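Hi,

Here is the structure I promised to pass on. Please have a look, then read my notes below it.

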Amino acid sequence: MELEQEGMINAVPRELRLILMLLRSPHHPSWLTDVERLVAEEIDWNFFIELTQRHRIYPTLERVIRENATLLPLEATAAIKKLCMTNVFQMLQLTSELDRINRIFEENHVRALSLKGPGLAYLLHGDISQRTSKDLDILVPIVDFERAEALLLQAGYKVDGDGPRILNEWKYKRRNDAYYHPEKGIQIELHWRLYANLGKEPTFEELWTRKKTVTFSNMQVHILNQEDLFFYLVIHGAKHAWFRLRWLEDIARLINLGFDWERTLRMFETYHCSQLAGQALIMTSDLFGTPLTASMRRLTLTPKSKALARETLPFINAEISVEGSRQFNRYWYHMLSHRHKWAYLKRLLYPSFMDAQTLPLPRRLHFLYFPFRPFLWLWRRFNGMISHEAQSRKQRAARGDDVRYVNQ
């Protein structure tokens with residue numbers, strides 16, 4: 001295992017090592033001895049619970065603890081069970097709302113793919129309560145996005161987005177907008193693309209043609225097929241520096257379910273993301289003990305994949321924030337291929353609503369935002385202007401939401 005050979009696993013806090021041991025139990029026959037040895041050391045159980053919450057993996061821990069009742073102190077066991085009970089109600093509420101929104105979209109002929117949430121939980125675990133979700137992520141064709149947005153507003157949601165839309169900048173610089181239901185306390189992220197800043201990606205039509213349909217709780221949910229899902233989850237985890245172990249657990253479970261790896265590999269090569277697949281495989285193998293095929297293991301040998309895997313550990317350890325830190329910005333830029341960096345720079349030069357806030361112009365003069373863009377960006381930079389978007393990113397980071405945008 002690449003990271004263990006470099007001594008990096010032993011560098012993480014004891015509490016995180018204990019969590020990792022509990023999570024990787026199915027693949028390691030000697031795990032019980034290792035867990036008992038770690039528990040016998042001086043564990044900060046408050047920090048242990050804090051990490052369990054941060055990484056959103058308490059459903060898996062609860063299942064392991066249930067099967068080995070005397071492993072952890074009663075206080076830690078009780079805290080994890082309480083978190084799981086809250087999650088059961090959360091997932092039931094999200095499942096009911098997903099069914100309602102899917103019916104509304106279907107009645108109005110809007111095709112929709114559920115990216116994560118209850119559909120992913122059921123696929124990976126066969127039980128929606130065995131994975132956490134804070135919101136619903138729904139992908140629709142960009143031509144139907146504004147109609148889907150209108151349907152959400154009619155269904156009681158309020159825009160929790162990033163500001164006014166000018167020059168179609170939202171189509172090019174973002175991938176989703178957020179909506180919040182004040183009575184239900186549910187957030188929906190409505191996507192028109194999978195990623196921002198990565199240039200080309202699979203079209204909605206391609207994803208829809210290959211979709212998988214899962215049935216649970218007397219409802220049908222359209223989700224990405226397992227190859228597309230692996231691709232999506234890898235890119236999603238990588239751009240967040242894998243700061244939640246839950247995302248790596250998703251990868252481990254998806255690998256164990258099995259899929260057409262050669263087709264998936266071609267997809268990573270087509271979209272210039274092979275280094276990110278290698279990073280995810282290194283970390284999943286090392287942290288979760290997931291067995292890899294020979295063709296998967298070849299990707300783990302590239303220097304860039306190894307470097308990217310090492311760079312995520314401070315974020316996994318909760319030593320560094322993913323919002324606003326220079327180390328995260330360096331990591332994020334390093335993870336991009338040369339083609340992705342060029343795509344990012346092109347998007348950076350495209351005007352945003354923040355330019356309109358900095359220098360309001362009548363609609364007929366909006367074309368001037370293109371030549372003015374560099375000067376307006378520098379003005380905000382040197383004057384320390386805290387924009388609506390910057391505040392929005394901080395709020396998302398506090399909630400654990402997506403934090404990487406190019407609208408500055």
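Predicted model: local features only at pLDDT ≥ 70, side-chain atom pairs only at ≥ 80, totals over all residues.

Strands. Start with strand S2, residues 136-139. Both of its faces are covered. Leu136 and Ile138 sit on one side, Asp137 and Leu139 on the other, and all are buried. Strand S1, residues 113-114, runs antiparallel to S2 and is joined to it by two bridges. Leucine 113 has leucine 139 of S2 as its bridge partner. Strand S5, residues 186-191, pairs with S2 in the parallel sense, over four bridges. There, isoleucine 138 stands opposite leucine 190 of S5.

Helix H3. This helix spans residues 31-40, and its buried residues are Trp31, Val35 and Leu38. Why do they fall on the same side of H3? Because they cover an arc of only 65° around the axis. What do the buried residues of H3 pack against? Helix H2 (14-23) and helix H5 (58-67). Thr33 and Ala40 are exposed, on the face of H3 turned away from its buried side.

Methionine 85 belongs to helix H6, residues 74-107.

Best wishes

Key: Residues numbered from 1 in each chain as written. Heavy atoms only, no water. Buried < 20%, exposed > 50% of the residue type's maximum accessible area, 1.4 Å probe, protein only. Pairing = 2+ DSSP bridges. Arc of directions from axis to C-beta. Contact = heavy atoms within 4.5 Å.
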